[in-house]
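Let us walk through this model one piece at a time. Keep the sequence and the 3D view side by side.

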Amino acid sequence: MPTINVDKAELYKALGQEYTTEEFETLCFEFGIELDEDTSNSERPIVNGKQEAPQLKIEIPANRYDMLCFEGIALMLNVFREKTPLPNYRLVAPKGGKLQTITILPETMKVRPYVSGAILRNITFTQDAYDSFIALQDKLHQNLARQRTLVSIGTHDLDTLKGPFTYEALPPKDINFIPLNQTKRMNGEELMQFYENDKHLGKYLHIIRDSPVYPVIFDSQKTVCSLPPIINGDHSKITLKTKNVFMEITATDRTKLEIVNTIMVSMFSQYCAEPFTIEPVEIISEHNQETRQTPDLKPRLAEVEVDYVNSCCGLEAKPQQICDWLTKMCYTAKPSSEDENIIEVLVPPTRADVLHQCDIMEDVAIAYGFNSLPRTSPNKASTIAQPLMINKLGDIVRMEAAMAGWSEVMPLILCSHDENFGWLNRKDDGETAVKLANPKTAEYQVVRTSLLPGLLKTIRENKKHSIPIKAFEVSDVAFKDLSLERKSRNERHFAAAWYGKTSGFEVIHGLLDRVLLMLKIAFLTREEGLEGKKMDYEVREDPSKPDGYWIEEIDEPTFFPGHAAAIYLRLNGKQVRIGEFGILHPTVLDKFELRYVSNLVLGSKPC
């Protein structure tokens, strides 16, 4: 969860009350946040020749973007304590009636297609408010905006610019401006080189560096406002004397774009001459039909069932009582005139995290008080759990292998493409493995289709241990399956590997017999009428033949020729190949830097 540092004295002043650490910790718990630390009695750093004022470090739930700054925390706690009425966020047109505009050019679709904007008029910044304004941008960039990859915020002194504005995408050499807090004019390429080793901005350069065009925002005089998501221009930088703030926000995610815009203006519009008023900006985007006014501060209408809230919280509250509690959490609520079991709730624009009536029910519980909720016996909701059959089967196999003296390993489910195919002498048909679209390293490119690579890598890293090494794994592998909605399926597999001075073929064969014996599956021989079968995994049905398992020699490139066998199973007349075992091919061993290894693989494909 994000941790926000706030000035202790300033927060208590905003709350209109002094608290002991224990009292404030209780208030935080009641509201659903947590006081992580009070630095009053701790050694504090020296800032600008003075010791830092006592700070309160408050942990905020990851979904509460409206509390990522001092202003949000103070406002929400005051409303919760019924010391402040609900804020009424309003869009107010400028005196002339004509809105500022941002025109989006089609070329921006190549790099960063969305933009939003807003204006805060007649704002008054103190040093603390200014610092909080900058800090909120950083918090949103790190959390919701995913390190600026999804959203980036640019803030400007509107009095230094002249609208209308345009949002364009140009080749790097065609963009020239003085970056924030610099004196030298640079083009896009020079800027990338200049900030390459910068500790703060260097980590964002990769977002657009390889793009043929860079996004840029101009005013009507072709003054560069910003080069998103990297840096603003120095020409329009904000100071404590700034009275009119112009915000432009660019993004690759339309939903998060509007959330960030709403949070920024709602938190700091309280410093405007007329609190909680915002001047909208018209976005002109004809090429993709995204023309609109931003931000949209209209509350969303949601419906909550009284019975649902009462059953979840263990209450017998009347609709009006629930409405009163919701007011403490910044909602506007009233009983429905059509259905006495429905409450109509207006969700404020700052609460993008409210998606279902369960979210509103949780806020009812907070407003009522978690410690005040009725305590109920768990016997009223007791259930008897049962394992899934596939998990139960896996546990049986796991237990039998362990009691036979084998050690269980748990390697990662991701592996490289070569480990999964080439190193096992297998070909990739393109229809088997689930591949990662953007793997961070070559070591994690696909979801494994076999447990074998993980076992062999584990043995490779433990060759210094005494031999023989007997390792096994019971876990999932994944396969493409376009017939399913998720386009893939999991299968539970069992695999074991022997590493020693001998081939260990008979040891692996013994483990196979032991596991299937404990599963009460009989071994079939040719004396019982067994006939040769094709080497595939096709399920066939023949009710005239007995149930059981048998093995047949196979010739597959993963194994040494003449030293491998397929395992077949017949149940209820249906027969299928369920696995294979054998001595691995020398080329496979060489790739994994091993000597002799015998291997057993069993799949969970049902008969």
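Axes are lines fitted to C-alpha atoms, for helices over the stretch in contact, and angles run from 0 to 180 degrees between N-to-C directions. Contact means heavy atoms within 4.5 Å.

A word on the source. The model is predicted: local features need pLDDT of at least 70, side-chain atom pairs count only at pLDDT 80 or more, and totals for chains, interfaces and linings use all residues. Residues are numbered from 1 along each chain as its sequence is written, and side-chain values use heavy atoms, with hydrogens and water left out.

Strands pair if DSSP finds at least two bridges between them. Five bridges pair E1 with strand E5 (residues 55–59) in the antiparallel sense. Asparagine 5 stands opposite lysine 57 in E5.

Move on to another open sheet. Its three strands follow the order E19-E21-E20, with antiparallel pairing. Strand E19 (300–305) and strand E20 (332–335) are the edges. E19 and strand E21 (residues 342–347) are joined by six bridges. Alanine 302 has valine 345 in E21 as its bridge partner.

Two helices pack on this sheet. Helix H8 (residues 319–327) touches E20 and E21, and its direction makes about 175 degrees with that of E20. Helix H9 (residues 357–368) touches E19 and E21, at about 75 degrees to the direction of E19. H8 and H9 also pack against each other, at about 85 degrees with axes 8 Å apart. They are therefore roughly perpendicular (65 to 115 degrees). Ile322, Trp325 and Leu326 of H8 meet Ile360, Val364, Ala367 and Tyr368 of H9.

Last, look at glutamine 575 in strand E31 (residues 574–584). Glutamine 575 counts as buried because its relative accessibility is 8% (buried means under 20% relative accessible area, with a 1.4 Å probe and protein chains only).

Technical notes:
Helices (H or I, at least four residues) and strands (E, at least two) are DSSP runs, numbered from the N terminus. Buried means under 20% relative accessible area, exposed over 50%, partly exposed in between (1.4 Å probe, protein chains only). Angles under 35 degrees count as roughly parallel, over 145 as roughly antiparallel, 65 to 115 as roughly perpendicular and the rest as oblique.
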